[in-house]
Amino acid sequence: MTKNKNWWKNKIAYEIYPRSFYDSNGDGTGDLKGITQKLDYLKELGVDIIWICPVYKSPMDDGGYDIADYYSIDPLFGNMEDMDELIREADKRGMKILMDLVINHCSDEHEWFQKALADPNCEEAEYFYFRTSKNGPPNNWRSMFGGSAWEHVGGDRYYLHLFSKKQPDLNWENPKLRKKIYEMVNYWLDKGLGGFRIDAITHIKKEPTLSSLPPDGPDGMVACFGPTRNYPGIGEFLLELRQNTFDKYECMTVAEAAGVPYEQFGEYIGENGYFDTMFDFSYSELYSYGHGWHTCKKAGEWPIVWLRDKMFASQLATEKAGAFGAVFFENHDYPRAMTKYIPDKYHSPTAQKMLGNLFFFLRGIPFIYQGQELGMTNVRMDSIDDYNDISTKNHYRIALQDGLTEQEALDAVARYSRDNARVPFPWSNTKNGGFTTGKPWLKVHPDYPQLNAEDQMKDPGSVYRFYQNLIAIRKSEAYNQTLTYGSITPILLEYENVIAYQRSGEKNICVICSFSHDSQTINLPFKFKKILLSNYPDVKINGERLELLPYQSVSAEI
Ligand code: GLC
């Protein structure tokens, strides 16, 4: 059989954070049956591919990204029958499920790690990075969630964890471990899964001597990116992974591939790349530099051309590599896009629609994150105890250490917390936004009476309906070829508060987005043949002069 490796390219993908999507049994936590019950909602929106964040057995130290058993479903989410049913029901509707594949690390409660702890000489001890050291941690690497990347387990024994101490890193240098991982991946693909989103995969190769490096902060430690992200030699592991698993199936793989430079896009996702597509993070955290969230700049404090230039650099590098990216503005690790890109006082459904239009017609497969299609905004909780996210707690601690008051620290982490995106999905204006009949595991967004799916589906002017239109246009016979395979060219670069591009294929389409809170008039180098979509009822065009209203977006055939 010849495999169709391109089946996913003209599709629309949607990310679900299962814990917060829909609770089918009233225990306060979203579950697999809940997703199955809401498939028709996604179908109506126009979604084809659904990535679900991890649902495997897990102590939930990091929202399920700490897996204790790759072969079972955590009871919080249901059981294996529920998973099979979800895959089946999705199939019936012509939709495919992607699971999250977390293979850089597992949970310290995984059987392998438990065996390794009990017996330093057993086979499983070689599946991890155990080292001995008499004077503190074996090196000065800092973990992503703060503190040393090494955890002491008694005597002079330590293990490496790039993420939380409950997420020991797996030692990919060990061929027996690699074989076990491939078997597990194939077990899931045999179930008829659409494929995987592959977590933190650029970290699987470590600098082999695990040496200390010059510190980059007052704690004497150093961020572990240099020696563990896209480290030379990683390609051998990635190729072997692909050949032993994905190559045998008609599946889709999308890698979380932070730290891959543009020159290597071809190697990762080109014609013979390790993956089908990947998320590029080069334009996701423009606000984030310094060592804590409290030092980040707010939207409006940095020029929007930063976003424009990085986003287009990524688009053009992907195209040049003969590759096809996965485009996104939101996911479960970021605050809502509105907070990232638009100053607080200008937040509005109009601006939400503009952001949607901007990312949706880029070259690559669009991934919508749950609630983005409703224009959900950040949420503010009253106390640090209301937050669940491990990195929020870490950044709160850093802010306090740096001398901020509790209030200031809370303000800073509230803005960037991953829980902004993880609060329960507002289905309706009824109690708890219709998410659960029980007590929600994380506080619901207080805006649900005004901002919820049910009301938006009835309102022709809603953000939901705008997304539905975006999807319909992208999938339409007239424009699908151009919006999927057409080339991309940045345009109108002389306007610093505008991000605009042209897609050229069977047709020519332009997308023009204003990031100004004032109206501005721009000169177009072409004429509109047909306006496809705008976030205002009117598009004020006079010959080649277009008056853009505040945060207006216009897509047109030219
Ligand atoms: C990825 C996930 C994130 C998780 C981390 C560790 O970045 O998206 O949620 O905390 O990997 O697994």
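**View 1. E124, a charged residue tucked away in a loop of this predicted model.** With a relative accessible area of 11%, E124 falls under the 20% limit, so E124 counts as buried. To find E124, look in the loop that runs between α4 (111-118) and β6 (130-132). Which residues does E124 touch, once its neighbours within four places in sequence are left aside? They are W112, K115 and A116.

**View 2. K205, a buried lysine in another loop.** Here we visit the loop between β10 (195-198) and β11 (222-223), where K205 has its place. Is K205 buried or exposed? K205 is buried, because its relative accessible area is 14%, and the limit for that word is under 20%. Look next for E173: the side chains of K205 and E173 are joined by a polar contact of 3.1 Å. Not counting residues up to four places away in sequence, K205 also touches P227, T228, Y231, P232, G233, I234 and F237.

View 3. D62 places a polar side-chain atom 2.5 Å from an oxygen atom of the ligand. For E256, the distance from a polar side-chain atom to a ligand oxygen is 2.7 Å. R418 also has a polar side-chain atom facing this count, at 3.0 Å from an oxygen atom of the ligand. On its own the ligand would expose 310 Å², and the protein buries 95% of that.

**View 4. F196 in the largest nonpolar core.** The largest nonpolar core has 161 residues. Which of its members touch the most other members? They are I52, M83, F196, F367 and F515. Zoom in on F196 and set aside its neighbours within four places in sequence: its contacts include Y56, L98, M99, L101, V185, W188, L189 and F246. M252, T253 and V254 are also on the contact list of F196, as is D100.

**View 5. A second, separate core.** This core is made of 17 residues. Good ones to pick out on your screen are L524, V539, V554 and I558, which are among its members.

Notes. Residues numbered from 1 in each chain as written. Predicted model: local features only at pLDDT ≥ 70, side-chain atom pairs only at ≥ 80, totals over all residues. Heavy atoms only, no water. Core = buried A, V, L, I, M, F, W, Y, C linked by side-chain atoms within 4.5 Å. Buried < 20%, exposed > 50% of the residue type's maximum accessible area, 1.4 Å probe, protein only. Contact = heavy atoms within 4.5 Å. Polar contact = N/O pair within 3.5 Å; in protein donor to acceptor, adjacent residues only side chain to side chain. Areas by Shrake-Rupley, 256 points an atom, 1.4 Å probe, with all protein chains shown as cover. Helix = DSSP H or I, 4+ residues; strand = E, 2+ residues; numbered from the N terminus.
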